[in-house]
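Keep the structure open beside you while you read.

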Amino acid sequence: MKLLNPGPVSMTERVRRALASEDVCHREPEFRDLVASVRRRLEGVYGASGFTPVLLGGSGTAAVEAMLSLVGKSETSLVVANGVYGERMAAMLKAQGKAHEIVAAPWTSGIDLDAADRALASGKFGHVLTVHHETTTGRLNDVAALGAIAKKHGVPMLLDAVSSFAGEEIRFAEWSLEALAATANKCVHGAPGVSFVLAANAALSRPSGATSVYLDLSRHAADQAKGSTPFTLPTHVTRAFDEALAELADEGGWKKRHDAYVSRSRRVRAVCTELSASLLLDRDDAYGATLTSFRLPSGKTYEALHAALKHDGFVIYAGQGKFDGAIFRIAVMGDLGAPDLDRLAEALRGALG
Ligand SMILES: Cc1ncc(COP(=O)(O)O)c(C=O)c1O
């Protein structure tokens with residue numbers, strides 16, 4: 001079965017073998033060395049200096065929520081949203097009892113840069129939060145433009161890079177980034193269960209704004225700096241993550257992976273549009289490399305399409321919220337070769353033709 005949902009992704013045999021490796025205690029030196037290796041490799045993906053990788057046991061949501069412990073308890077944040085995941089960051093701030101305002105754009109639009117500029121000019125916001133690749137639609141948000149605005153107003157950015165880290169360009173300094181959150185099991189091609197935050201060293205030395213014991217980023221960072229972890233990390237998943245990061249480097253790094261995704265997505269878009277499944281977003285270049293959202297052709301249901309493709313060995317993804325039943329999504333992360341794409345094209349022709 002090939003997973004074309006936006007994570008977890010189909011893993012290579014190399015990463016799968018690492019999952020079945022020997023048992024290890026998370027308090028032993030060999031696990032400390034493994035965590036150090038993962039953190040070194042994470043630093044190397046974009047080579048950003050002055051940022052510390054912090055590993056967490058949990059899905060991407062855990063990393064995003066832990067990242068928000070960098071927001072002080074008495075500050076006000078601006079959330080710039082255009083989909084499920086941006087709106088979820090606002091929900092997290094609400095759950096943490098932290099003041100925030102939201103600049104929300106329709107889900108099929110880009111983030112509202114003018115409104116963000118006007119809001120940040122007020123000087124009342126301590127952080128600006130947004131999503132890099134909004135998986136709800138597949139749009140790659142213009143974080144470069146928002147980052148330039150944030151920089152102009154001297155406001156640091158917290159970025160949900162859960163479905164873009166290792167698959168898209170990220171410019172730490174130019175985008176006013178204070179931290180980003182991501183996960184092992186999307187563009188890095190590891191197994192689900194470990195996520196991480198890359199946070200500026202200066203941010204980690206401020207008093208923590210944590211409102212939870214587990215998701216206190218500074219506590220994880222402090223323990224990991226001493227070669228320890230506060231809680232039990234999923235040991236086998238961590239080893240698979242290390243292997244996936246090694247594989248990413250062996251394959252030429254994030255740029256090579258991005259280029260591969262671009263060419264896979266181009267192929268998928270050509271086949272689907274030929275079969276009357278039009279793009280949800282108005283322009284082809286609004287999409288990132290990893291995922292495309294399509295409107296279901298009239299007379300076709302998501303359930304029937306999903307079942308037909310699953311029968312042929314592919315799992316696709318439904319629309320979320322207001323898009324449920326109206327669209328389908330195809331992601332191209334993970335172990336997916338040209339023969340798989342040929343088979344997918346045939347399967348799509350069978351289901352939609
Ligand atoms: C942009 C983005 N943020 C956050 C998440 C949440 O990640 P998880 O489901 O691993 O908690 C996802 C999941 O797809 C995502 O795409």
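1. Which helix gives the largest share of the shell around the ligand? That would be α3, residues 60-67, which supplies 3 residues of the shell. Bear in mind as you look that this is a predicted model.

2. Staying with the ligand: 14 residues surround it, and the closest are Ser59, Gly60, Thr61, Thr135 and Val162. Sorted by class, the shell has 8 polar residues, 5 nonpolar ones and 1 charged one.

3. Now the overall layout. The protein chain is divided into domain 1, covering 13-250, and domain 2, covering 253-352. Taken over C-alpha atoms, the centres of the two domains are separated by 26 Å. Their contact takes 21 residues from domain 1 and 21 residues from domain 2.

4. What does domain 1 bring to that contact? The elements giving two or more residues to the side that touches domain 2 are α2 (29-46), β7 (139-140) and α9 (235-250). The residues on this side of domain 1 divide into 10 polar, 8 nonpolar and 3 charged.

5. Two of those elements, α2 and α9, also pack on each other. Their axes come within 9 Å and cross at roughly 35°, and the crossing is left-handed. If you want to trace the contact, look on the α2 side for Phe31, Leu34, Val35, Ser37, Val38, Arg41, Leu42 and Gly44. By class, the contact of α2 with α9 has 9 nonpolar, 4 polar and 3 charged residues.

6. In the contact, Arg264, Arg267, Val271 and Cys272 of α10 meet Leu341, Ala345 and Leu348 of α12.

7. Helix α12 (residues 338-352) has another packing partner to look at, α11 (residues 302-311). The axes of α11 and α12 come within 9 Å and cross at roughly 140°. The pair is therefore oblique. Which hand does the crossing of α11 and α12 have, left or right? It is right-handed.

8. As for the side chains in that pair, Leu305, Ala308 and Leu309 in α11 meet Ala347, Gly350, Ala351 and Leu352 in α12. The residues of this contact divide into 6 nonpolar, 1 polar and no charged.

9. Where is the cis peptide bond? It runs from Gly7 to Pro8, with omega near -5°. Pro8 lies in the loop between β1 (2-3) and α1 (13-19).

10. The other detail is Ser176, which has a positive phi of about 60° although it is not a glycine. You'll find Ser176 in the loop between β8 (157-160) and β9 (177-183).

Definitions and conventions. Residues numbered from 1 in each chain as written. Predicted model: local features only at pLDDT ≥ 70, side-chain atom pairs only at ≥ 80, totals over all residues. Axes fitted to C-alpha atoms, helices over the stretch in contact; angles between N-to-C directions. Helix = DSSP H or I, 4+ residues; strand = E, 2+ residues; numbered from the N terminus. Parallel < 35°, antiparallel > 145°, perpendicular 65-115°, else oblique. Left-handed = near helix turned anticlockwise from the far one by under 90°. Contact = placed C-beta atoms within 7 Å. Nonpolar A, V, L, I, M, F, W, Y, C, P; charged D, E, K, R; others polar. Near = placed C-beta within 6 Å. Domains from an automatic or database assignment.
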